[in-house]
Amino acid sequence: MNRKQEMLRAIPKIDEVLEDRRLLVFFKEAPRRLQVESVREAIASLRKKILDGVYDEDESYIPDLDLLIEGIKARLSEKMGASLRRTVNATGVVLHTNLGRARLSEEACQRVWETACNYSTLEYNLKKGERGSRHDHVEKIIKKITGAESAMVVNNNAAATMICLAAIAFNREVIVSRGELVEIGGSFRIPEIMAQSGIILKEIGTTNKTKLEDYKNAIGDNTAALLKVHTSNYRIVGFTQDAKLQELVALGLEKNIPVIYDMGSGLMTNLMDCGIDEPTVADSLATGIDVILFSGDKLLGGPQGGIIAGKKEYIEKMKSHPLARVLRVDKMTLAAMEATFTQYLDMEKAKETIPVLKMLTVSYEKLLQQAKDMAEALKNRETSWEFQIEDSFAKVGGGSAPTIELKGASIAVKGPMAVEKLERILRKQSIPIISRLSKGKLYLDMRTLNQEEREVIVETLVNIDSTEFKG
Ligand SMILES: *Cc1c(COP(=O)(O)O)cnc(C)c1O
């Protein structure tokens, strides 16, 4: 028998490993099929290493069973872990689409939890003791906060655009400026959504200039609506012109054609102080526009959703359209949406209680202090890293206010290992930490971190330090 065969024979059988004393405690909570899968995979991997001759140089080799056990534990942990996990967002980008956009307020989370694990009044009218409508819950509060005559919520803003166009303009023309045929995050392109809604897109004007005259000239017998789209994630600057919302509303009124505005971000309160010059929902509605559409999880700071607000005549058409059922939101979304809008009853307080607003409006001084405190905490722990406090200029993200840079503070980390490696290690923690690399340094931006997360980062950095450099 040659050495390879000898080694292969030394590998224990699956059944034996499953009974291994060292795995008993570890296996307690795990489903049997994951236990077996982990053992089988770890043994297969060991077998492959031997066959590949990885150990041939080592004369005294017998398969390392401790290593096998560790391998099984690692595999099982990974299988038991969720795929959708919380992360710490240290990028400073408040509405980071890849990291879930808006984080919800405590109140919203509380309401989601309550609604999810109990029966609710989702479609039940308590006063009458009979069937109710799921639209009612959020409609009341949205009307109150925005001043709209009517409102409904669908799955997201893309869905809102689709149902709105399908209900108002099916088989007819909708006029849009060439400067507003936007693409948002790859799969949302205005011309494509319009085609899917079954309407005919009538492009007018040019990329940089579209005048009110262009809309006037394009209106014909088959015109069903005028659509204005907020250029959320880009700006056209220089020699430009577009028709103002008020002008379009006046034109629509004169010609008896509804005007729809896809606002993108649902900014509810004036954030001019931090340079965000997005139009607010209330301002847009005050022009007398027929329908506006906006996202739930952008500047509004709520759950994913598409809010449709405006004239009752049109919203009723959407509520009774077959797509309403296709695009409807579930009770958890409604709970979070109602809670978020309710917080806007007090606009000033909302800037404290809605995380998105809080992170956008926090002062530079406060962020700087947080960076100093964190650097201090790290220095007290004697790590091998070098920490510097640097000003940062974060993007709002989520296709909102693309030209704004929010001045904040960050900690720049340099250390005994390549920052690319540190970035990777941070990303692979049990609570993954997402950081930003730039010019040979790793940045941790204070803007998107709360107290608990800053502590998680400190502990993690200290921990990496001791496992990587002190054995
Ligand atoms: C973000 C955005 C959308 C898409 O919104 P979702 O809620 O992500 O579907 C549509 N239109 C505009 C103008 C946007 O900014």
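Contact here means heavy atoms within 4.5 Å. The model shown is predicted.

**View 1. L300 and its surroundings.** L300 sits in the loop between β11 (291-295) and β12 (306-310). Its relative accessibility is 0%, so L300 counts as buried. Leaving aside residues up to four places away in sequence, L300 touches G266, M268, F294, S295, I307, M337, T340, F341, Y344 and I354. The C-alpha atom of L300 lies 45 Å from that of E37. Along the chain, L300 and E37 are 263 residues apart.

**View 2. F341 and the nonpolar cores.** The largest nonpolar core has 55 residues. Within this core, L226, I276, I292, F341 and L360 touch the most other members. F341 touches I141, I142, I145, M268, F294, L300 and I307, again not counting residues up to four places away in sequence. A second core is separate and holds 35 residues, including A167, I168, L323 and A324.

**View 3. Helix α6 against helix α15.** Helix α6 spans residues 106-116, and helix α15 spans residues 331-343. Their axes come within 8 Å and cross at roughly 150°. Angles over 145 degrees count as roughly antiparallel, so α6 is roughly antiparallel to α15. The crossing of α6 and α15 is right-handed. From α6, the contact involves E107, A108, R111, V112, T115 and A116. These residues meet K331, M332, A335, A336, E338, A339, T340 and Q343 in α15. By class, the α6 contact with α15 has 7 nonpolar, 3 polar and 4 charged residues.

**View 4. Helix α4 against helix α5.** Helix α4 covers residues 32-51, and helix α5 covers residues 65-80. The two pack at an angle of about 135°, with their axes 9 Å apart. Helices α4 and α5 are therefore oblique to each other. Their crossing is right-handed. On the α4 side, the contact is made by L34, Q35, E37, S38, V39, E41, A42, I43, S45 and L46. On the α5 side, L68, G71, I72, R75, L76, K79 and M80 take part. By class, the α4 contact with α5 has 9 nonpolar, 4 polar and 4 charged residues.

Methods: Residues are numbered from 1 along each chain as its sequence is written. This is a predicted model: local features need pLDDT of at least 70, side-chain atom pairs count only at pLDDT 80 or more; totals for chains, interfaces and linings use all residues. Side-chain values use heavy atoms; hydrogens and water are left out. Axes are lines fitted to C-alpha atoms, for helices over the stretch in contact, and angles run from 0 to 180 degrees between N-to-C directions. Helices (H or I, at least four residues) and strands (E, at least two) are DSSP runs, numbered from the N terminus. Angles under 35 degrees count as roughly parallel, over 145 as roughly antiparallel, 65 to 115 as roughly perpendicular and the rest as oblique. A crossing is left-handed if the near helix is turned anticlockwise from the far one by less than a right angle, and right-handed if clockwise. Ala, Val, Leu, Ile, Met, Phe, Trp, Tyr, Cys and Pro count as nonpolar, Asp, Glu, Lys and Arg as charged, and the others, Gly among them, as polar. A nonpolar core is a set of buried Ala, Val, Leu, Ile, Met, Phe, Trp, Tyr and Cys residues joined through side-chain atoms within 4.5 Å. Buried means under 20% relative accessible area, exposed over 50%, partly exposed in between (1.4 Å probe, protein chains only).
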